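I opened my notebook to look up a few side chains and ring pairs. Here is what I jotted down, in the order I looked.

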Amino acid sequence: MKTALFIYNPNSGQRIINEQLPWIIDYLSEKEYLTSIYATQAPRDASKIISKYGENFEEIIVAGGDGTLDEAIAAVSKAEIDPLISYIPTGSTNDFSKSLKIPTDIEKAVKLASRGYQKRIDIGQIDDKFFVYVAAFGSISDVSFDTDQDAKNIFGRSAYIIEGLKKALPLSNMTSYKMDVLVDDENINGDFIHFMVTNSVSVGGFEGITGDNVSLSDGVFELTMVRRPQSLVDVNKIISGLTNREENDMLIFRQGSHFEVKTDQKVSWSLDGEYGGTTTFAQIDALKEKVRMRTGIRDKQ
């Protein structure tokens with residue numbers, strides 16, 4: 001008999017998890033899980049419960065969106081415990097489930113939670129906070145989560161970028177930040193409108209925007225920085241470069257394990273799509289293989 005803490009967000013996505021609860025409980029019991037169930041009551045509730053009771057369980061099963069998963073992993077990391085974590089994605093974006101190859105069908109995801117492959121994955125730490133797959137700020141950082149899904153389906157990756165730049169126009173009013181960024185041993189500085197560190201194949205529902213061959217367990221994150229455009233020609237370069245993941249004089253792509261970010265004004269961080277505080281200096285580290293998760297990824301032997 002395995003002990004599991006099943007935490008679910010009853011308000012996540014279309015609230016479909018609520019209809020499936022009887023089947024989920026029955027299935028976990030059939031698979032010999034002794035399960036304690038908790039429905040989150042407020043933001044940060046998952047973190048509080050795991051911080052208080054997480055050490056008592058062999059496994060933690062999280063049902064919700066990326067924000068709920070973020071809370072769970074942050075709490076596990078802060079508590080320095082090492083349960084096996086499973087994720088049932090029921091949010092509207094479910095970025096990280098794509099990286100983990102977890103199906104969005106609830107029954108399939110629950111079955112994977114009981115018998116999927118185990119994999120240690122990296123997470124990020126920014127100062128005293130943790131994030132699962134993205135830390136970002138700037139003109140484009142929140143757009144992926146706000147862009148209409150129909151637009152995403154029709155226009156794909158370009159919708160993410162165009163929508164962000166539309167919100168930032170006109171060029172004369174575009175918010176930019178003078179940045180001094182350290183990526184491992186390389187210094188990058190200039191006037192930028194967007195900064196993003198990721199460990200995911202998908203951001204805001206768009207796969208491939210962070211590059212090809214992203215590894216979740218190599219201790220390396222992907223960096224994307226967008227310079228401030230001065231003309232529509234520059235805007236076109238940004239759209240083309242981000243859509244095709246090709247660096248040009250408006251874009252910087254790097255990989256690294258340690259990042260230091262200084263800005264000339266306070267910036268509001270988005271961590272896994274949630275508000276992550278404001279800073280003028282932040283230190284970001286990739287914590288290699290920090291947590292254990294169930295995934296649909298079979299590692300090569």
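**Starting from T263**

Leaving aside neighbours within four places in sequence, I found T263 in contact (heavy atoms within 4.5 Å) with F137, K178, M179, T279 and T280. I kept in mind that this is a predicted model, where local features need pLDDT of at least 70, side-chain atom pairs count only at pLDDT 80 or more, and totals for chains, interfaces and linings use all residues. Residues are numbered from 1 along each chain as its sequence is written, and side-chain values use heavy atoms, with hydrogens and water left out.

I placed T263 in strand β14 (residues 258-271); strands are DSSP runs of E, at least two residues, numbered from the N terminus. Is T263 buried or exposed? T263 is buried, at a relative accessible area of 12%, because buried means under 20% and exposed over 50% (1.4 Å probe, protein chains only).

**Rings**

Next I turned to the aromatic pairs: rings of Phe, Tyr and Trp (its six-membered ring) with centres within 6.5 Å, stacked under 30 degrees between planes, edge-to-face over 60, the rest tilted. I noted eight aromatic pairs. F131 and F221 make a tilted pair, since their ring centres are 6.0 Å apart and their planes at 55°. I saw that this pair links strand β6 (residues 129-131) with strand β12 (residues 221-227), F131 and F221 being 90 residues apart. Both F131 and F221 are buried.

F137 and Y177 pair edge-to-face, 5.5 Å centre to centre and 90° between planes. I also logged a cluster of F137, Y177, F195 and W269, linked by ring pairs.

Key. Helices (H or I, at least four residues) and strands (E, at least two) are DSSP runs, numbered from the N terminus.
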